[in-house]
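Here is a friendly walk through one protein chain, question by question. Each answer sets a value beside the rule that gives it a name.

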Amino acid sequence: MKLRIATYNIHKGVTSFSGRPRIHALKQALTQLDADLLFLQEVQGRHDRIAIRHAAHWPQQAQHEYLAGESHHVAYGMNAVYDHGHHGNAFLSRFAIASSRNQDVSDHAYESRGILHCVVNIEGVEVHCYVIHLGLFARSRHRQTAALIEAVRASSPPDAPLIIAGDFNDWGNKLSDFLRIRLGVTEVFEQQSMPHGLMGYLRKLGGMRQVVQPARTFPASMPWLRLDRIYLRGFEVESAEVMRGGLWSTLSDHAPIVSTLRLK
């Protein structure tokens, strides 16, 4: 069974500098991705000021509901709340969402962060999906990663297929080993680049460590930093790519990652 998934920090559906709405173009672009599962960060659940200022270009629905439309089920994890609105993570799924839970993992008062955990049943198999957006400070990210590991262990069986995707803000790639050792996951580009056949056997025999190189996704106009990730357990990667150039360079400050998986 094949599964197409994507992770994307949508920057609240507005341009980076002028704050002009891009949410309608975002929806069209996401439709073109044709993803079965979408892991979205910085989703604007409500913003009264933009809704008034740009009434003609701002949907009446919350962004997660608008982006899901009639093609996907949706769950929303509200993280940051303010007088004129709120934003957080969202999970969109072509499959019915059996359960969802949002866990607050904010590390200090200046950044509101959460883990959105959803369970979907895909051809009789329960797949655990976690949408994450980690903090900007290294110590916060380490504590939030520890909370993520604890949450995964507490909420899913040790052999259950799972997908953890989002904006990790981990430009130094300090967290991959931590997640791999504690949860038995691999990152999609790491798995895609693993050598097979004789070369793979020789590397394994010689104890050669696979160099993990997540994709460059930020800034979208000229990706340089490796911020966005998809970690997997129980899946094989058929393809993984970063959507670059053209419209993708203007929709958000991040570029999305799209991957085709096969359930083991």
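What follows is a set of questions and answers on this predicted model.

Q: How many helices and strands does the chain have?
A: The chain has 8 helices and 12 strands.

Q: What makes the radius of gyration of the chain agree with that of a compact globule?
A: For 264 residues, a compact globule would have a radius of gyration near 18 Å, and the chain has 18 Å, so the two agree. As for its extent, the C-alpha trace spans about 65 × 40 × 40 Å along the principal axes.

Q: What share of the residues in the chain is buried, and what share of the contacts with a separation of 6 or more joins residues 24 or more positions apart?
A: Buried residues make up 54% of the 264. Among contacts with a separation of 6 or more, 70% are between residues 24 or more positions apart.

Q: Why are α4 and α5 called roughly parallel?
A: Helix α4 (residues 138-155) and helix α5 (residues 176-183) pack at an angle of about 20°. Angles under 35 degrees count as roughly parallel, and therefore α4 and α5 get that name. Their axes are 11 Å apart, and α4 passes α5 in a right-handed crossing.

Q: Which residues of α4 and α5 meet, and how do they divide by class?
A: From α4 come H142, T145, A146, L148, I149, V152 and R153, and they meet F178, L179, R182 and L183 of α5. By class, this contact has 7 nonpolar, 2 polar and 2 charged residues.

Q: Is Q44 buried or exposed, and how do you know?
A: Q44 has a relative accessible area of 2%. Buried means under 20%, so Q44 is buried. Q44 sits in strand β2 (residues 37-47). Leaving aside neighbours within four places in sequence, Q44 is in contact with K12, W58, A62, Q63, Y82, H86 and H87.

Q: How far apart are Q44 and H86 in sequence and in space?
A: They are 42 residues apart in sequence and 6.3 Å apart in space, C-alpha to C-alpha.

Q: Why does H86 count as buried?
A: The relative accessibility of H86 is 13%, and the cut-off for buried is under 20%, so H86 counts as buried. H86 belongs to strand β4 (residues 85-93). Leaving aside its neighbours within four places in sequence, H86 is in contact with V43, Q44, G45, R46, Y76, M78, A80 and V81. The C-alpha atoms of H86 and H47 are separated by 6.7 Å, and these residues are 39 apart along the chain.

Q: What makes H24 partly exposed?
A: H24 has 33% relative accessibility. Buried means under 20% and exposed over 50%, with partly exposed in between, so H24 counts as partly exposed. H24 has its place in helix α1 (residues 23-33). Not counting residues up to four places away in sequence, H24 touches H57, W58, P59 and Y66. H24 and L251 are 227 residues apart in sequence, with 10.0 Å between them in space, C-alpha to C-alpha.

Q: Why is A55 called exposed?
A: A55 has a relative accessible area of 51%, and exposed means over 50%, so A55 is exposed. A55 lies in the loop between α2 (48-53) and α3 (63-68). From A55 to A109, 54 residues apart along the chain, the C-alpha atoms are separated by 31 Å.

Q: Are E42 and E123 buried or exposed, and where do they lie?
A: E42 is in strand β2. E123 is found in the loop between β6 (114-122) and β7 (125-133). At 65% relative accessibility, against a cut-off of over 50%, E123 counts as exposed.

Q: Is the peptide bond from F218 to P219 cis or trans?
A: This bond is cis, with omega near -10°. Most peptide bonds are trans. P219 lies in the loop between α7 (197-205) and β10 (228-233).

Definitions and conventions
Residues are numbered from 1 along each chain as its sequence is written. This is a predicted model: local features need pLDDT of at least 70, side-chain atom pairs count only at pLDDT 80 or more; totals for chains, interfaces and linings use all residues. Side-chain values use heavy atoms; hydrogens and water are left out. Axes are lines fitted to C-alpha atoms, for helices over the stretch in contact, and angles run from 0 to 180 degrees between N-to-C directions. Helices (H or I, at least four residues) and strands (E, at least two) are DSSP runs, numbered from the N terminus. Angles under 35 degrees count as roughly parallel, over 145 as roughly antiparallel, 65 to 115 as roughly perpendicular and the rest as oblique. A crossing is left-handed if the near helix is turned anticlockwise from the far one by less than a right angle, and right-handed if clockwise. Contact means heavy atoms within 4.5 Å. Ala, Val, Leu, Ile, Met, Phe, Trp, Tyr, Cys and Pro count as nonpolar, Asp, Glu, Lys and Arg as charged, and the others, Gly among them, as polar. The radius of gyration is taken over C-alpha atoms; the globule rule is 2.2 Å times the number of residues to the power 0.38. Buried means under 20% relative accessible area, exposed over 50%, partly exposed in between (1.4 Å probe, protein chains only).
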